Amino acid sequence: MKFPKFIAAALLLLALAAAPLRGQFKTEAFSNGFGSSGDVSPDDSTENLFSFKEFFAGMGHKRELKPGTLFAGSVMMIGSQQIYERQYWKLPVIYGGLAATVAGGVLNRTVWDRPKVSNWCFAAAGLVYWGTLMDGVVNYPTDNPHHPGKAALYSVLCPGLGQAYNGEYWKIPVYWGCLIGSAHYLNLYQMNYKRYKRIYREISDPDSGYSGGITSETAVYYRDIYRRYRDYSILALAAFYLLQAVDANVFAFMQDFEVNDDLSMRISPSVITPDTAFALQSAAPSAVGLSLGIRF
């Protein structure tokens, strides 16, 4: 069945996209570790992406949750975002929609023997699940019009949406072109791989009655070539998907970065002290040179 493979691939891309962004969802990730060990709490680690204690405290409205923590919990526990945002009226709609579509998929496949209808029902269930996560990200409470966590999650759920959130619309066709191109070549190489794999199987089976002009060595050669190119296409698709999510996250951080024309350079005489003079308390002589300072 093709649909579960698509769902597995989507969940894999979702996990891969969230992994490199884990530090961005924590404000403590930008804290330094200087000073005594008592100055740093366990929450200061960028590896502490998800904590059930923190998540359930947020669900009880006892503390504020970062969008990454809330999103990770909602992936596992559907409706958590709506509970955190106190939109309880949406829960019956979410659970009712999921129950109806999943039940329709199971019944159409096992009882009524209608696999196509079953696939559509499961696709509708996936759409409800996706819409639940998107609704939670859209309604996440924040006063920042360019929240980095929301920008990243927008791109995870819909490639290019994070760029639209940041106002960088020109990037959307670039990323979508890369993703569509990668998907096109992935499909093309997969079809050719299956073709030469089938031909090689028919050549190897004396009872198949194969009468084509392709030899066994040629079939093996092209089968391996197209399999390698297919794998490269998968890597390219995943790389562009991750890149656009990271891009949305990083450039949301840079929205408040001040850029103006106040750029100046000053060159002046300076006394240059060797690097080891203070650390080793050596008597190395200082030197006279030029100091270059750039202000922007």
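Predicted model: local features only at pLDDT ≥ 70, side-chain atom pairs only at ≥ 80, totals over all residues.
**Cysteines.** How many disulfides does the count come to? By the rule that a disulfide needs a pair of cysteine sulfur atoms within 2.5 Å, the count is zero. Two cysteines to click on are C121 and C158. C121 is buried because its relative accessibility, 18%, falls under the 20% cut-off. C158, at 26%, counts as partly exposed.

Next, select residues 52-59, which form helix α2. Colour E54, F55, A57, G58 and M59: these are its buried residues. Now show what lies over them, and you will find that the cover includes α3 (67-76) and α4 (80-84).

Step on to H61, which follows α2 and sits in the loop between α2 and α3. Check its backbone: phi is positive, near 55°, in a residue other than glycine. With a relative accessibility of 28%, H61 counts as partly exposed.

Move along to R86, in the loop between α4 and α5 (90-110). R86 is not a glycine either, yet it has a positive phi of about 60°. Is R86 buried or exposed? Its relative accessibility is 52%, so it counts as exposed, the cut-off being over 50%.

**Helix α9.** Select residues 171-204 and draw a distance between the end C-alpha atoms of this helix: they are 49 Å apart.

While α9 is selected, highlight its buried residues: K171, Y175, L179, S182, Y189, N192, Y193, Y196 and I199. Residues three or four places apart in an α-helix point the same way, because there are 3.6 residues a turn. For the cover over these buried residues, bring up α8 (161-165) and α10, which are among the elements that provide it.

**E168.** Stay in this region and pick E168, in the loop between α8 and α9. At 13% relative accessibility, E168 counts as buried. Which residues does E168 touch, leaving aside those up to four places away in sequence? Show Q163, D247 and F251 to see these contacts.

End on M254, which lies in the loop between α10 (216-253) and β1 (264-272). M254 is partly exposed, with a relative accessible area of 42%.

Note on methods
Residues numbered from 1 in each chain as written. Heavy atoms only, no water. Helix = DSSP H or I, 4+ residues; strand = E, 2+ residues; numbered from the N terminus. Buried < 20%, exposed > 50% of the residue type's maximum accessible area, 1.4 Å probe, protein only. Expected span 1.5 Å × (residues − 1). Contact = heavy atoms within 4.5 Å.
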